Number of protein chains: 2
Amino acid sequence: MTTFAIVGTGALGGFYGGLLAKSGQEVHFLLNSDYEFVKANGLRVDSKLGDFHLSQVHAHPNVASMPKCDVVILALKSTQNYLLPSLLPPLLHAESMVLVLQNGLHVEQSAREAVGPGRVAGGCCFLCSNKIGPGHIRHLDYGKILMGPFQGLDDSEQGPSMVRLDVVRDMFRATGIECETTSSLTWARWRKLMWNIPFNGLSVILNSSTDKIMKDPDARALAKSIIQEVRQTACDSGHFIEPTFVDYMMEHTDEMVPYDSSMRLDFLAGRVIEVEAIYGNALRAAERCHLEPKLIRMIYQQLKFLSKNR
Amino acid sequence: MTTFAIVGTGALGGFYGGLLAKSGQEVHFLLNSDYEFVKANGLRVDSKLGDFHLSQVHAHPNVASMPKCDVVILALKSTQNYLLPSLLPPLLHAESMVLVLQNGLHVEQSAREAVGPGRVAGGCCFLCSNKIGPGHIRHLDYGKILMGPFQGLDDSEQGPSMVRLDVVRDMFRATGIECETTSSLTWARWRKLMWNIPFNGLSVILNSSTDKIMKDPDARALAKSIIQEVRQTACDSGHFIEPTFVDYMMEHTDEMVPYDSSMRLDFLAGRVIEVEAIYGNALRAAERCHLEPKLIRMIYQQLKFLSKNR
């Protein structure tokens, strides 16, 4: 049996951690405000894969009570990554791996700085999921994870071996969700940004769900222009994405259930939004290649202003 | 004595028309919802040039009761320009001139189509003024008018002669406001757009007054990028604006009294906003020169969406 630590038991950590526990893995959940509730009542997941309730889970109020685990899944918002130097090292034994399931580009860098080289992998999650109450997750749609070793800011580093990732992949698959591995995490991250950059930002700036954006001709054209710019920036920084992926992203979004992006939910709830992980890091990667993506820059500046002046 | 018709007695028409009437010109005001009030109580202007109250004004509920006038000042929002074919022709004698004091680029085209060539001039108004009650205008700051003959969409037409405009200019000057004429109205309009395009749009999209935008480093940098793009678009379409005008616009805005743009006031009040006159016409002018200003396009698309989905 593999032991897992879930650092951050929210919409994402609660969902994947719950599935892993249900499939028989030993899963330790780090909780904050929900700790007492989950310790007493367990974890509930409403999912299109089947609703389930884990009446007894390994709930922890802080890392001091947690064992060292084989796989540490980082499922906090990236805006809390300043906590990693105190959260991650106590959870690691010599062979532990950290799997960063956060939105954005190069979000693994904070974990990498906290735990050193060779241990950090990242995963892109294609997941529509919300936390709707204490210890209560609602999984709306999707759930696929595409994960790979962290390559560093310039793709020159080595994360955990693909063989080790394949083992973790198979554990995720055993829970019923789709999971794939890739040796090109940065490339996978850029592909995911082709959705996150237009739709997270526009849903906040335009105060709208994605389906309303897709149905309006002006906002739709803007979303497509942004998607094209993200693709061009990825290509020009050495991560080729096929041109047809632009239309695929548009069609995929047309077919999505009406969905409030996590950034919009965070914004409406007064929580910090992940502007730096998604937009700031993409712009910094572009700058390192002497690129200046104007639309991404403009959304970034608008979001920065809005996050300071709600 | 020269006779004036003020088509649209709001923050702008009420201010300039009131000044002209106070200086002794015969001024006929077209009013809509304020007609009964102004007929009974006259027009009140609170101004840093000196407060005044005109207890008796020539108030009209429609153009049928108005005489033909020497100068017809168009001071409606450009979103009402579809009314011009019925509003303007009854007010014109053989020598009448139409002076379009609206925001935007090529906004004179609607008047030109309604009244034919050679009669239409336009003016850029640098005015901070609000209507704060029926027949009650508050002039906050500035007031200068820069006017010139309408040159058509491609600068190939002839409007009224400069000599005639100079006569009107001197009447405005006699009211105490600054007024200048120019033979390059399109150029003057582009210069004005260097303020309107960034600050009208951002104040709506970011739900903020201009002083908050200027004080935030991200929004400030965005505003400057947009100003630079407007300048570049003007230059590339044949209307040279000196590079130093970018910094001048920033400094000028820094020094402005905290001000809600007219577009933001309209938006907050649920009124139609002038997206096409300011942004749509600038984009169409750019397209005729095979230019694609990305930031202007993005603000345009955001404003179009927001104006449909408040």
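Mentor: In this predicted model, helices α6(B) and α9(B) cross in a right-handed manner (right-handed if the near helix is turned clockwise from the far one by less than a right angle, left-handed if anticlockwise). Helices here are DSSP runs of H or I with at least four residues, and strands are runs of E with at least two, numbered from the N terminus. Residues are numbered from 1 along each chain as its sequence is written, and chains are lettered from A and ligands numbered from 1 in the order in which they are written. Local features need pLDDT of at least 70, and side-chain atom pairs count only at pLDDT 80 or more, while totals for chains, interfaces and linings use all residues.

Helix α6 of chain B covers residues 185-205 and helix α9 of chain B covers residues 244-255; their axes come within 11 Å and cross at roughly 55° (axes are lines fitted to C-alpha atoms over the stretch in contact, with angles from 0 to 180 degrees between N-to-C directions). The two helices α6(B) and α9(B) are therefore oblique to each other, as angles under 35 degrees count as roughly parallel, over 145 as roughly antiparallel, 65 to 115 as roughly perpendicular and the rest as oblique. From α6(B), the residues B:R191, B:M194, B:W195 and B:F199 meet B:F245, B:M249 and B:T253 of α9(B) (contact: C-beta atoms, placed from the backbone, within 7 Å). This contact holds 5 nonpolar, 1 polar and 1 charged residues (Ala, Val, Leu, Ile, Met, Phe, Trp, Tyr, Cys and Pro are nonpolar, Asp, Glu, Lys and Arg charged, the others, Gly among them, polar).

Across the whole contact, chain A and chain B contribute 19 residues each. On the side of chain A, α8 (217-236) and α12 (294-308) each supply at least two residues, and α12(A) gives the largest share, 9 residues. Chain A is superposed on chain B by a rotation of 180° with 0.0 Å of shift along its axis, at an RMSD of 0.0 Å (least squares on C-alpha atoms of residues with pLDDT of at least 70 in both). That is the relation of a two-fold axis. The same surface serves both copies, since 100% of the contact residues of chain A recur in chain B.

Terms used: Contact = placed C-beta atoms within 7 Å.
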